[in-house]
Amino acid sequence: MSDAHDNGKFLVGIFDDDDVVLQAVKEVKKAGVRIHEVYSPFPIHGLDVALGHPRTRLGIAAFLFGMTGTLCALALTFYTEGFDWPMIVGGKDSYSPIIYVPIFFELTVLICALGMVGTFLISNGMGPTVKPLMFDLRTTDNKFAMAIDLNQNNIGESDIEQILKKSGAAEVNVKQF
Amino acid sequence: MSHVTSAVRTPLVTGGKTYADVTEDISKQVEGNPTREWTIAFTIAVIVLTYGTACLFWTWWEGLGVWGLNKTVGWAWDITNFVWWVGIGHAGTLISAILLLFRQKWRTAVNRAAEAMTIFAVICAASFIMMHAGRPWVAYWCLPLPNTLGSLWVNFKSPLVWDVFAISTYFTVSLVFWYMGLIPDLATIRDRAKSKVSRYIYGAFAMGWNGSAKTWARYEYMSLILAGLSTPLVLSVHTIVSMDFATSVIPGWHTTIFPPYFVAGAIFSGFAMVQNLVLIIRVVFKLEDYITVEHIESMNKVITLTGSIVGVAYLTEFFIAWYSGVEFEAYAFINRATGPYWWAYWAMMTCNVITPQLFWSRAIRRSIVWTFVLSVVVNIGMWFERFVIIVTSLHRDYLPSSWAMFHPTLFDISDYIFSFGLFFTLFLLFSKFLPVVNMAEVKTIIKSSSEKLPVSVSGVAKGERVANPTFNKNVE
């Protein structure tokens with residue numbers, strides 16, 4: 001996993017509501033606590049910004065893969081129809097890029113989609129054999145978990161627990177990996 | 001606390017559902033034993049598939065002579081079925097992609113089933129391409145591969161080769177889009193699994209999903225780009241399918257209106273099929289709170305719109321056939337309406353142009369029974385549309401001496417039945433082993449589009465519907 005958290009001791013605040021957890025992130029950060037990550041059953045808009053995660057660069061990857069697709073299609077059609085085996089069909093030129101627009105488009109989309117999804121899986125450390133480290137199994141159902149790595153914080157465990165509870169955590173658990 | 005609750009919009013999720021209810025209601029049929037209805041339906045589908053497969057193998061063993069094709073009508077049910085199935089496959093990606101870009105929240109309840117329908121419909125469509133090629137074992141000849149015959153490549157100028165690229169890209173991207181949408185829900189099933197085997201299988205397919213904020217942010221960004229890619233893809237696929245006809249010189253095919261007309265027709269039939277499937281799903285799996293009358297009505301509005309576009313296209317074709325002054329073109333259209341296949345033409349007109357207009361009535365649009373019946377009618381009509389385009393244009397050649405009629409044989413019919421067996425077998429397997437409604441996406445709209453707020457937020461009592469007097473005013 002990209003956000004590896006092995007050999008650590010974590011305090012996990014469990015929240016019941018997405019609005020509460022979003023507000024709690026701001027409060028906990030304000031109190032000087034460093035948050036490891038927040039886990040939720042669905043995307044919460046603004047959460048990544050509140051946590052200070054950098055903007056994803058998947059769009060750049062998608063563009064580069066898309067361009068690769070276009071160039072592949074251009075090279076394929078040029079090599080086959082323009083160079084290796086020129087064919088004149090219906091009086092048309094053997095190579096005219098206009099007529100290959102469907103090929104360009106389809107290969108652009110195909111390679112862009114596959115490349116971007118592959119990038120997504122790799123950047124998240126995802127794969128069929130990956131065993132996720134779950135802080136709480138209910139985060140894929142109806143709960144929201146805020147994980148705080150005690151090794152990364154100088155504030156005491158009980159103080160962090162208090163901050164979490166004060167910011168709306170329904171329960172606070174200790175999780176050791 | 002910034003959820004918008006509009007008083008003028010009707011709720012998309014009813015029954016005062018909480019996040020836990022969503023998981024429970026939708027995971028139920030995946031985790032439980034198959035129901036009696038499912039078992040009966042699956043058994044019938046497998047029997048039909050077995051019969052169809054036997055007929056299909058006989059078709060390949062004997063050759064395409066077992067079909068009713070002749071020298072004049074060289075394409076008939078095979079291409080009719082292909083275009084029909086590809087058309088049906090358009091609604092899924094449209095609901096997922098175009099409605100996502102338009103921020104239509106009602107798509108969340110039906111997108112999963114619609115996407116699954118797309119995948120299976122495209123598989124059925126591809127099977128007819130394989131069938132009509134006659135020798136499916138050399139289907140790879142369509143691909144641009146180096147070969148032992150020297151510098152011999154596929155003809156990239158041919159719309160049939162464009163089709164290979166379009167359909168295979170559409171299938172791959174739709175499959176990826178569908179699968180990526182499934183991952184968070186597969187993780188939910190994984191984390192709820194009681195048996196080791198389920199945990200292992202769903203865990204492998206969930207790819208180690210953990211629902212972190214960083215993953216969700218990337219996931220949403222990826223979904224948006226996939227939607228942006230899929231939107232023109234949906235339009236391109238049926239445009240290219242229409243070019244299989246439009247680039248020819250056959251009267252009745254050689255028209256510039258084909259691309260938009262085919263796309264509208266595809267969405268029309270695709271939505272009708274989605275209606276048929278979700279109307280059954282909502283009853284069998286007791287999902288009436290998620291797939292509500294609002295959803296049914298929204299889809300009926302799309303059917304009315306696209307049906308009307310198709311109607312205008314029919315009239316435009318007819319007008320242009322006369323206005324162009326091309327006598328062959330004019331004859332082709334008069335022959336469609338009054339010639340030996342007049343019944344197919346008028347079946348098409350009745351099913352596609354006249355009956356969908358009943359949806360202008362609010363009562364009919366919101367009626368489950370009317371919706372189901374009219375959706376079946378639309379699908380029949382759209383099959384006839386493809387039959388009319390293909391067979392009526394071919395059966396009257398430029399040479400009257402080669403005029404001929406097409407009569408389907410048992411194998412034409414059986415191979416069509418095969419596709420139904422294949423489609424419903426796959427769809428029933430999907431509905432048993434995967435969540436038919438996108439749980440993660442439905443949870444995102446629970447607060448803003450639900451009948452009740454599930455959890456008390458700053459003074460709003462649990463379970464209370466927030467009727468906000470001011471449109472788009474935030475609930476504090």
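**Salt bridges and the chain interface**

Tutor: B:Lys17 has a relative accessible area of 13% and is therefore buried, a term that stands for under 20%, with exposed over 50% and partly exposed in between (1.4 Å probe, protein chains only). The model is a predicted one, in which local features need pLDDT of at least 70 and side-chain atom pairs count only at pLDDT 80 or more, while totals for chains, interfaces and linings use all residues. Residues are numbered from 1 along each chain as its sequence is written, chains are lettered from A and ligands numbered from 1 in the order in which they are written, and side-chain values use heavy atoms, with hydrogens and water left out.

The partner of B:Lys17 is B:Asp25, in a salt bridge whose closest N and O atoms are 2.9 Å apart; the criterion is a side-chain nitrogen of Lys or Arg within 4 Å of a carboxyl oxygen of Asp or Glu. B:Asp25 is buried as well, at a relative accessible area of 14%. Also in chain B, the side chains of B:Arg366 and B:Glu294 meet in a salt bridge at 3.1 Å, N to O. This pair links distant parts of the chain, 72 residues apart: B:Arg366 is in the loop between α13 (362-365) and α14 (368-394), and B:Glu294 is in helix α10 (residues 293-323). Here helices (H or I, at least four residues) and strands (E, at least two) are DSSP runs, numbered from the N terminus. B:Arg366 counts as partly exposed at 24% relative accessibility, whereas B:Glu294 is buried at 18%.

In chain A, A:Lys9 and A:Glu157 are joined by a salt bridge of 3.1 Å, N to O. They too come from distant parts of the chain, with A:Lys9 in strand β1 (residues 9-15) and A:Glu157 in helix α5 (residues 157-166), 148 residues apart. A:Lys9 is partly exposed, with a relative accessible area of 28%, and A:Glu157 is partly exposed at 32%. Over all chains, the count comes to 20 salt bridges.

Four salt bridges are found across the interface of chain B and chain A. One meeting of side chains is that of A:Asp17 with B:Lys447, at 2.7 Å, N to O. Both belong to a network of salt bridges that also includes A:Asp18 and A:Asp19. On the side of chain B that touches chain A, α1 (19-31), α6 (159-192), α7 (196-206), α8 (213-246) and α16 (439-449) each supply at least two residues. The largest share, 17 residues, comes from α8(B).

The contact (heavy atoms within 4.5 Å) takes 61 residues from chain B and 64 residues from chain A. Together the chains bury about 5600 Å², 69% of it on carbon and sulfur atoms; buried area is the accessible area (1.4 Å probe) that two parts lose on being put together, summed over both. Of the area that chain B buries against chain A, B:Phe156, B:Lys157 and B:Arg218 supply 13%, more than any other three residues.
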